[in-house]
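Me: Could you walk me through a couple of helices in this model?

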Amino acid sequence: MEYEWIAPCHFGLEAVCKKEIADLGYPVTQVEDGRVTFRGGPEAACRANLFLRTAERVLLKVAAFPAYTFDQLFEAVKALAWEEYIPQDGKFWVSKATSIKSQLFSPSDIQSIVKKAMVERLKQVYHISWFPETGTEYPLRVFFFKDTATLGLDTSGESLHRRGYRQMVSKAPITETLAAALILLTPWRGDRIFVDPFCGSGTFPIEAAMMAAHMAPGMNRSFLAEKWDNLLPRKLWYEAADEATDLVIEPEHTDIQGYDLDGDMVRAARENARSAGVDHLIHFQQRPVSQLSHPKKYGFLFMNPPYGERLEERENLPELYRQIGERFQALDAWSAYMITSYPDAEKYMGRKADRNRKIYNGMMKAYFYQFLGPKPPRRKHEG
């Protein structure tokens, strides 16, 4: 049986998520702001949760319909065959509701109406007036956009950016899913030089190392729908896990480095890399950006430097970005990729970015500046 699945992702990075889904072999049916919808059998949920680096979660799409009033919303939800998804003892609730450009705009009211309608439907089907809700959890998410409601059951549980390796975080961490998406936007591959001079808790280098080793991002965590025996047999999860294990390789060569001025953060990054199983692929070191250097050509800088949200940090930004620009210009034939909301970033880099993409880092609008270096010469093969 085929279903439709929804993969919410970062705004502005839908194309990256779409490509990941296509690479898994599933046809994409719709791309919207912050969401990609695709078709696939029950195994798609297992593989998508395990393998997608840029999705925030995987939802089983139940329905989409127009609703301009709460009465219309109630009746449409009540008409859905919830018994095909939720067993009699299942625990179900509306975990989140959002509304954009719609007449129904109160998330709490939407949550309440949808839950009541689900209860009424299941009362009629199961011929009971009270639900124990002692069984497996089935959280529902509701999205309203231009008066169309989309309902999806959450298969992931905790957001997929929680890979399971990051025990300690820096003051302004970048999420694992966003870091992975930004790396995938670039030409970097596992055999190329990768340096993050503001590594914090190590997210950029760790995500890069996992890509180099072909490690599925969900290998070290569990998912809520592993308990959905009525929809996703446990065998499918085992098969997806075996597939992920078989794909892991030991890279012949990696040059992935992470630096930070804060020694505590460097130690945290090492521990996080150890938890992810890639500590042997990354070199972490306490070092200021003013000492950034590398003897080889054609490397990649990935940076999430301070933005200056705190007043005491703001006055130091010109000097910090000046040092970034100086050290980048001293590197021979390198490319640099920087996410920041600091408006003068390009000025201190000494050149205009070749590409500039608006990205939301959490609720903060930032820009992903891409300063492209020359391509390395093609490698000559013997014979």
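Predicted model: local features only at pLDDT ≥ 70, side-chain atom pairs only at ≥ 80, totals over all residues.

Me: How many residues has helix 4?
Reply: Helix 4 covers residues 107-126, which is 20 residues, and reaches 28 Å from its first C-alpha to its last, close to the 28 Å expected at 1.5 Å a residue. Helices here are DSSP runs (H or I, at least four residues; strands are E, at least two), numbered from the N terminus.

Me: Which residues are buried in helix 4?
Reply: I110, I113, V114, A117, M118, V119, R121, L122 and Y126 are buried, meaning under 20% relative accessible area with a 1.4 Å probe, protein chains only. Their cover includes helix 3 (70-78), strand 5 (91-100) and strand 6 (137-145), with contact meaning heavy atoms within 4.5 Å.

Me: And what meets helix 4 from helix 3?
Reply: On the helix 3 side the residues are F70, L73, F74, V77 and K78, and their partners in helix 4 include D109, I113, A117 and R121.

Me: Switching to helix 6, how many of its residues are buried?
Reply: In helix 6 (residues 203-212), 10 of its 10 residues are buried, and these pack against several elements, among them helix 5 (176-184), helix 8 (263-276) and strand 9 (255-260).

Me: What comes just after helix 6?
Reply: H214 does, with a positive phi of about 55°; helix 4 is likewise followed by H127, whose phi is positive, near 55°.

Note on methods:
Residues numbered from 1 in each chain as written. Heavy atoms only, no water. Expected span 1.5 Å × (residues − 1). Buried < 20%, exposed > 50% of the residue type's maximum accessible area, 1.4 Å probe, protein only.
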